[in-house]
Amino acid sequence: MAMKVTFLGTGTSQGVPVIGCDCDVCQSLDYRDKRLRSSVHLSVNNKSIVIDSGPDFRQQMLREKILCLDAILFTHAHKDHIAGLDDVRAYNYIQHADMPVYGTAKVLEQLKIEFYYAFEKFKYPGIPQLQLMEMTDASFMVQGIPVTPLPVLHYKLPVMGFRINNFSYITDANQIPDSTYEKLKGTKVLVLNALQREKHLSHFNLAEALEVAAKVGAEQTYFIHISHKLGLHKTVEKELPESVTLAYDGLSIEL
Ligand SMILES: [Zn+2]
Ligand SMILES: [Zn+2]
Ligand SMILES: [Zn+2]
């Protein structure tokens with residue numbers, strides 16, 4: 001199952017640069033220091049899937065020229081991961097179909113609150129058309145592609161990572177239970193959040209993310225959900241072991 005993965009965004013909830021910040025990272029001219037909110041596009045078996053649709057979803061779809069979209073998988077319902085969902089209207093229009101959106105029962109409930117107008121009995125014309133697909137911890141199929149959920153904790157909030165074949169994606173976590181480490185065994189690529197250097201309540205910091213990367217032992221680990229506080233891309237890159245890289249927006253890998 002060949003797949004192509006494109007990092008649509010690799011920034012934390014505020015994005016990088018942060019509005020009004022004059023730090024070195026926010027002022028950097030390096031394109032790798034410009035980070036939209038975290039999301040990834042997967043092209044697998046001719047299907048087009050995104051994980052999360054944050055506030056930069058529209059801009060990301062335009063930048064990567066993603067002309068069709070078959071499904072969205074949601075990790076959790078924090079605003080930086082769902083806020084762009086309204087823009088699936090474009091795909092509803094082109095594809096003449098509802099957009100299947102996958103999430104846990106709790107996440108789907110939150111989508112119904114956040115995008116209440118899409119779920120009203122008498123629908124206003126032009127609203128997003130969503131097909132809510134409930135998932136649990138159990139593996140499931142998306143458009144014929146097997147997906148294994150990877151339950152993790154984001155402080156106290158349960159969040160889902162996803163494994164598809166040898167690609168595993170974990171955003172917004174600072175705890176990984178043993179049962180999820182089991183599911184990560186043998187993955188070739190691991191994507192993991194690494195927010196900043198200082199310890200954080202709900203995200204792995206750089207040191208913790210490096211420990212997780214070593215424990216999982218993927219051929220290559222990519223860090224995402226990066227804050228301006230982590231430092232300049234080119235500086236941080238030099239500190240990392242060979243099997244670990246900072247992802248950046250627009251980076252694309254094939255596996
Ligand atoms: Zn987030
Ligand atoms: Zn800054
Ligand atoms: Zn979050």
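Student: What do the values rest on?

Tutor: The model is predicted, so local features need pLDDT of at least 70 and side-chain atom pairs pLDDT 80 or more, while totals for chains, interfaces and linings use all residues. Residues are numbered from 1 along each chain as its sequence is written, chains are lettered from A and ligands numbered from 1 in the order written, and side-chain values use heavy atoms, without hydrogens and water.

Student: Which residues coordinate the zinc ion (ligand 1)?

Tutor: Donors are N, O and S atoms within 2.8 Å of the metal (3.2 Å for Na, K and Ca); water is not among the atoms, so sites may look incomplete. Here they come from Asp80 (OD), His81 (NE2), Asp172 (OD) and His225 (NE2), at 2.1 to 2.2 Å.

Student: What bridges ligand 1 and ligand 3?

Tutor: Asp172 does, and the two zinc ions lie 3.5 Å apart.

Student: Is His76 buried or exposed?

Tutor: Buried means under 20% relative accessible area, exposed over 50%, partly exposed in between (1.4 Å probe, protein chains only). His76 is buried, at 1%, whereas His78 is partly exposed, at 36%. Asp80 and His81 are buried.
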